[in-house]
Amino acid sequence: MTTTNIKLHRKSSMSYFDLLAWVTENKETLLYCIIDNIFSIENIENAFIFKLHCQGKDQELIIEPSKRINFTKYNYPKSSSGKVTLLRELLRGDIITDISILGRERILLLTLKKGKKIIVELLPRGLLVVTDNEDKILFSTEYKEFRDRKIKIGEKYIKPPSIEISNDEIEKLIKKGNLARALGVPQEVVIYLNLTNFNDLEIIKKKISELENLISNGNIKPCIIENLTVLPFPINDCKEYQKFNDAIDDYFYTITQEELTKETSKKIEEEKEKIINTIIQLENSIKEYEQKGKIYQQIGNIILTKTSEIQQILSNLNKKERKVKINLEGFEIELDTSISIPKNASKFFEEAKEYKRKLSRALESLNELKKKLEKLEKEKIEKQQEIKITLRKKEWYEKYRWSISRNGFLILAGKDSSQNESLVRKFLEDNDIFLHADIQGAPATIIKTQNKIPSEEDIMDAAIIAACYSKAWKLGFASVDVFWTFGNQVSKSPPSGEYLAKGSFMIYGKKNFIKNVKLELAMGFIINNDTIKVLVGSEDSVKNKTNYYVILRPGDDEKEKVADKIIKIMNRILQNVKGLNSLKNEIIDKIPAKSKIIKTSITYNS
C-alpha cells in the first residue's frame, strides 16, 4: 500500500490534530475573553455564535458540536432560541480563564472565572455542555442516556468513552490497508507522515507523537484542499494559509453555505411537492369535469332530439315506476316519468352547467397553483442568493461606520462613545486626518492616510460622514460645520485638573473648518459575483464605485420604512439581482436617523 492509493474523504469535522493546532494557535487570544452575547446560526441546528470581547477587540466564535470551533469573519445569519436564552442566562458576562483538550480526544474544555465550564465535543453526535464548578450538568444541546454516561441536568458530566483497539485488531486493520483506522488518525496524517513506508508499529506511533509535539509547539503550516479538507500541515496540492483559524473558517464556511442552501431548498421543495400533488389531483378532476360535462350536454341533446322515440319506448314499457332506464345512441339514460321529456333534458343540461362551473373553478385553482409553483422556484433562487449575500466575509473595519473616499482612502467613524474611544486609541496615527462635526453628539472620524496626502475632495468625503452621522441629522439640519486636524493634534490627556469623558478628546493647535457641509448621504450597492456590499459616503465617492445608489437627507420616515423603499427601488433597477431583502438590517444600520430619499442614480418605472 502506498500513499498515492489513499483516497481522501471530504472532511466534515475537525480532527484531534486540527483541534490541537487551533488551541495552540488561539489559546492566548481566547484567554480572558468576556462572553458578551450568544446567538444561534439560523437554520443550522445546534450551531452557536459567541460574541466575545477579547483584549479590547470584539470577536465572533463559532461553536458547532461534532463539527468545529473557530473565530469567524463571516456574517452568519443570527437568531435566538430557547437554547440560546438558557446559554445567555448561564454565561453572559463570564470570562474564559483556561482552555484545554480532554485527553487526546476531540473535546475542548473552556473554564470560566465563575467556576462554570463549557465543554465542546467535536466527536460524532457531539454536544455542547455547560457544567457548574462540580462538573454537574447545567445545560446540554441534547439530553440523552447512553450505556456509559447520562446527559441530564444535575448529573455529573462524563466524557464519551475512548475507543480502545487491541494490538491484534490493529495488525489486522493494517493488513487490510486501513492504517488510519488502526491508529485512530485521519488519512491526511498517514499521507503527511508517509506511514505506509514503515512496518514497525512502534516507529509509526513515534512518528504520530512527534507530529503531535510539533503542533503543540506551534509548528503549524495551515492549508486547504478546496472542498475536500483543511489541515494544520501541508500535503499534495494544498493552498497555504497564514493562520489555521482562517483556514478552518474558510473551509467550513463553504460547508455551512451548502447546508443552509440545502435546508432552504428542502423546505421549498417540500412545499412544491405538496402543490405538485394537488395540481395532479386537480388535472385529473378537470378531465373528469370536462368528460362529464360533455356527456350530460350530449344526453340532454339526445333527449330533445328523440322525444317521439322516447315516448314510444316509455309507452311500450307499460311500467308505473317513477325512474326508468333506457338505452339511446350508446347511453343508458335514467328518466323521471313524473315530469315531461323536455324537463328531463333540462335536468341533464343543468348537470352539464354544474360541471362547467366546477371546471372553471378547478382551472382557476390550477392557474393559481402554477403561479405559486413558479413563485416558489423564484423564491428558492432568491433564498439561495440571500445566503450567499448574507454570508459574505466582513472586513475588520466593517464593525465601525466606514466609507472609501473618491481616491481610495479608508474613512472610519465611531458608532458610539466606546467606538470613538477605540478608533482614536487603536487606529489614529500622527499623519492621519481626524474630523468631527461642530456639534455635541458626533462620531470621531478618521482618514487613514498610510502616510500619503489626501486631497481636499478626500477630506470633504470624510467630512460628509462626520456630518451625516452626527446629531445634526436627527435634529433635521440641512448642514453643519465640520473641523479637521492631523492625528498628532488629538490627545486623550486633558489639561491638569480636568477630566475627559469616555469618547472625548483634546484637540491641540489649529482646527481647519469646513463650513456648511450638506447633510446628504449616498448609499450605493456594489455587486461583485455572488456578493453585494452596501457602501455609504458622498455622492462623488460612491458613484466612483457603483452606478446603483440613492441619496438621503434628514426626513420624516423611520429607518425601516426608508430601508424598504431603498430595497424596492433597487429591486426594480437591478431586476436580475436576487437576494436584496437580506440586506435590510445592514441598510437600516447605515441610515443615520429618520430620512427621505431625494434622488436615485438611475431612473426607473415606479
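This is a friendly conversation about a predicted model of one protein chain.

Trainee: How many helices and strands does the chain have?
Mentor: Good place to begin! This is a predicted model, so we are reading computed features here. The secondary structure comes to 15 helices and 29 strands.

Trainee: What percentage of the residues count as buried?
Mentor: For this we need a cut-off: a residue is buried when its relative accessible area is under 20%. The chain exposes about 32,200 Å², and carbon and sulfur atoms supply 46% of that area. Of the 606 residues, the buried share is 48%.

Trainee: How far apart are the mean positions of the positive and negative charges?
Mentor: The chain has 101 positive and 87 negative charges.

Trainee: Which residue stands opposite V130 in strand 10, and how do the strands pair?
Mentor: Strand 10 covers residues 137-140, and strand 9 pairs with strand 10 over 3 bridges in the antiparallel sense. On its other pairing, strand 9 is joined antiparallel to strand 8 (residues 117-121) by 4 bridges, and there I118 stands opposite V130. In strand 10, the residue opposite V130 is F139.

Trainee: Which residue in the turn between strand 9 and strand 10 has a positive phi?
Mentor: Let's look at both hairpins. The hairpin of strand 8 and strand 9 has 6 residues between the strands, and R125 takes a positive phi near 60 degrees. The hairpin of strand 9 and strand 10 has 5 residues between the strands. In that turn, a positive phi of about 65 degrees belongs to D135.

Trainee: Is E329 buried or exposed?
Mentor: E329 lies in the loop between strand 16 (323-328) and strand 17 (331-336). Its phi is positive, about 50 degrees, although E329 is not a glycine. The cut-off for exposed is over 50%. The relative accessible area of E329 is 52%, so E329 is exposed.

Trainee: Where is N227, and what is its relative accessible area?
Mentor: N227 sits in the loop between strand 13 (223-225) and strand 14 (229-231). N227 is not a glycine, yet its phi is positive at about 60 degrees. N227 counts as partly exposed, because its relative accessible area is 39%.

Trainee: Which residues of helix 2 are buried?
Mentor: Helix 2 spans residues 82-91. An α-helix has 3.6 residues a turn, so residues three or four places apart point the same way. Just after helix 2, G93 takes a positive phi of about 85 degrees. The buried residues of helix 2 are V84, L87, R88, L90 and L91.

Trainee: Which residues does Q187 contact, leaving aside its neighbours within four places in sequence?
Mentor: Q187 is in helix 5 (residues 187-192). Q187 is partly exposed, because its relative accessible area is 24%. Leaving aside those neighbours, Q187 is in contact with I6, K7, L8 and A180.

Trainee: How far apart in space are K159 and E121, C-alpha to C-alpha?
Mentor: K159 lies in the loop between strand 12 (150-151) and helix 3 (167-175). Not counting residues up to four places away in sequence, K159 touches L102, E105, I107 and R149. K159 and E121 are 38 residues apart in sequence, and their distance in space is 8.6 Å.

Trainee: How far apart in space are D540 and F48?
Mentor: D540 belongs to helix 13 (residues 539-543). D540 is partly exposed, because its relative accessible area is 34%. D540 and F48 are 492 residues apart in sequence, and C-alpha to C-alpha they are separated by 41 Å.

Technical notes. Residues are numbered from 1 along each chain as its sequence is written. This is a predicted model: local features need pLDDT of at least 70, side-chain atom pairs count only at pLDDT 80 or more; totals for chains, interfaces and linings use all residues. Side-chain values use heavy atoms; hydrogens and water are left out. Helices (H or I, at least four residues) and strands (E, at least two) are DSSP runs, numbered from the N terminus. Buried means under 20% relative accessible area, exposed over 50%, partly exposed in between (1.4 Å probe, protein chains only). Accessible areas come from the Shrake-Rupley method with a 1.4 Å probe; for residues, only the protein chains shown count as cover. Lys and Arg count as positive and Asp and Glu as negative; His and the chain ends are not counted. The place of a charge is taken as NZ of Lys, CZ of Arg, CG of Asp or CD of Glu. Two strands pair if DSSP finds at least two bridges between them. Contact means heavy atoms within 4.5 Å.
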